[in-house]
Amino acid sequence: MHHWRRDVVELAALFTAVAVADGVANLVGHGPGGPALLVISALVLAATAGFHVWWARRPGHAPPVTDTDTGARPAVDATGQAGPGAQAPATGEAPATLWRLRTTVRDEPGSLAALCTALAAHRVDILSLQTHPLADGTVDEFLLRGPGELTAGEITRALALAGGTDTWIERADTHDLVDAPTRVLGLATRTALDAAELPLALRQLLGRCTIRSLPAHPVGGARRPETVPVEGALEDTVMRLRAPEGGVITVERPYLPFTPTEFARARALVELDARLGPRIPHGQDVLTLPAGNAITVRRADTGDLEAARAMHERCSARTLGLRYHGPVGDADRYLNHLLSPRFGRTLAVSTASGRIVGLGHLLWDGDETEVALLVEDDWQRRGIGGELLSRLVGMAVEAGCESVYAVTQASNTGMVAAMRALGLPLDYQIEEGTLVITARLDAVGVAGWLSGAGETGRTEAP
């Protein structure tokens with residue numbers, strides 16, 4: 001039906017064009033001003049073509065630049081920098097930014113698609129996605145890469161319009177690019193090799209949180225922790241898990257509620273630790289002190305309890321008082337807690353005969369980390385304290401701790417000198433004779449410390 005109409009129109013146009021061409025030819029060939037008319041027609045055609053080119057190249061009418069054109073925006077790698085072979089961003093254009101985002105949507109078809117559409121409208125790439133089912137909805141956790149000029153508020157508002165609620169967002173880094181199964185397997189491996197890694201593994205698994213381990217039989221008559229079911233307990237921003245040795249592990253994250261998926265992962269990690277039982281790495285280092293004595297530095301645990309008690313008996317009351325800040329008779333009561341890998345890491349210094357003459361503790365204290373030293377009287381002023389402290393700070397750096405602190409007395413010049421010998425920024429707080437020295441493990445301090453830690457740890461304290 002439509003074909004014969006189109007054919008008729010084309011024939012009419014053809015006849016009209018032939019008639020006009022014949023008329024123009026007769027006018028040019030027989031008219032008095034034919035050549036001039038021909039020149040004028042050529043000029044008009046050239047002007048029309050030039051105007052058309054100018055109009056097509058105006059910014060408002062230029063064709064859009066595609067990703068395959070040379071003017072496409074540069075490829076951006078995981079760190080937010082331009083990748084190899086990519087063009088540099090235009091002047092004033094910020095590099096890409098990584099974000100970690102979590103939002104809750106209704107559990108119905110199309111809810112996730114609405115979020116993805118809202119992110120795509122702001123040129124945000126979704127690098128990874130995890131879903132955490134809830135009883136009345138779903139928590140979607142994204143790792144995003146967006147334009148550098150895009151703010152967290154703009155992303156949050158876009159998701160709110162798309163149906164997302166209780167949205168939480170923070171900056172991410174390249175470490176977050178590891179997918180969740182790989183990260184969990186890595187944390188399980190670390191926990192399997194060392195029981196002291198469990199609190200650190202939980203913190204890396206759950207993000208910024210406070211972890212406290214409460215023993216089943218607290219030292220000093222403290223109140224026992226409330227019993228926890230075998231399967232644990234989850235209460236919004238707090239989860240409680242039964243520790244392998246019978247105590248309670250409490251994890252708090254006030255800024256973001258835990259999901260059942262996170263609770264199940266944490267519980268599986270604790271169950272793995274319980275099945276493997278007590279364990280520590282068995283490596284050791286043999287060192288020579290400036291005075292020529294050979295010592296062995298190794299990890300210690302509750303199996304060294306009797307040897308540690310024997311060292312207590314050889315220490316003076318003043319040495320024990322400087323270390324434990326209380327009645328000397330209570331010193332032995334703390335050893336079982338201090339030597340347990342559940343609450344931190346302990347280094348022991350032994351002589352050639354196997355006798356322990358020094359202990360260094362790195363204790364997990366919620367969000368903070370404490371260091372403590374005890375060296376037998378006859379072995380003080382030989383560099384043992386500096387060696388232990390240097391190694392403990394190195395462990396704290398590897399664990400990602402932001403700072404370490406030591407609680408001592410102002411008269412303990414040996415501990416003060418050992419902390420100063422680290423070469424790290426120190427903060428001092430004195431209250432009623434108790435001195436708290438905090439070493440900040442910031443990027444500048446740690447870089448300088450790592451470059452000379454080996455020699456610093458072997459320098460005898462003045």
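Gln-130 counts as buried in this predicted model, at 18% relative accessibility. The residue belongs to strand β2, which spans residues 125-133, and its side chain makes a polar contact of 2.9 Å with that of Arg-265. Elsewhere, a search of the whole structure finds two aromatic pairs.

**Surroundings of Gln-130**

- Leaving aside neighbours within four places in sequence, Gln-130 is in contact with Val-139, Asp-140, Glu-141, Ala-180, Arg-183 and Arg-265.

- Trp-168 and Tyr-255 form a tilted aromatic pair, with 5.8 Å from centre to centre and 40° between the planes.
- Trp-168 is located in strand β4 (residues 165-171) and Tyr-255 in the loop between β8 (248-252) and α7 (260-276), so the pair ties together parts that are 87 residues apart in sequence.
- Trp-168 is buried, its relative accessible area being 12%, whereas Tyr-255 counts as partly exposed at 30% relative accessibility.

**Arginines over the ring of Tyr-255**

- Arg-208 lies over the face of Tyr-255, at 4.3 Å from the ring centre.
- Arg-253 also lies over the face of Tyr-255, at 6.0 Å from the ring centre.

**The pair Tyr-324 and Tyr-334**

- The ring centres of Tyr-324 and Tyr-334 are 5.9 Å apart and the ring planes meet at 10°, so this pair is stacked.
- Tyr-324 is part of helix α9 (residues 317-324) and Tyr-334 is part of helix α10 (residues 331-339), so the pair ties together parts that are 10 residues apart in sequence.
- Tyr-324 is buried, with a relative accessible area of 11%, while Tyr-334 counts as partly exposed at 33% relative accessibility.

- Ala-406 is placed in strand β14, which covers residues 403-409.
- The relative accessible area of Ala-406 is 0%, and the residue is buried.
- Ala-406 touches Val-371, Met-415, Met-419, Leu-435, Val-436 and Ile-437, when residues up to four places away in sequence are not counted.
- Ala-406 and Thr-438 are 32 residues apart in sequence, and their C-alpha atoms are 6.5 Å apart in space.

Definitions and conventions
Residues numbered from 1 in each chain as written. Predicted model: local features only at pLDDT ≥ 70, side-chain atom pairs only at ≥ 80, totals over all residues. Heavy atoms only, no water. Phe/Tyr/Trp six-rings, centres within 6.5 Å; stacked < 30°, edge-to-face > 60°. Helix = DSSP H or I, 4+ residues; strand = E, 2+ residues; numbered from the N terminus. Buried < 20%, exposed > 50% of the residue type's maximum accessible area, 1.4 Å probe, protein only. Lys NZ or Arg CZ within 6 Å of the ring centre and 35° of its normal. Contact = heavy atoms within 4.5 Å. Polar contact = N/O pair within 3.5 Å; in protein donor to acceptor, adjacent residues only side chain to side chain.
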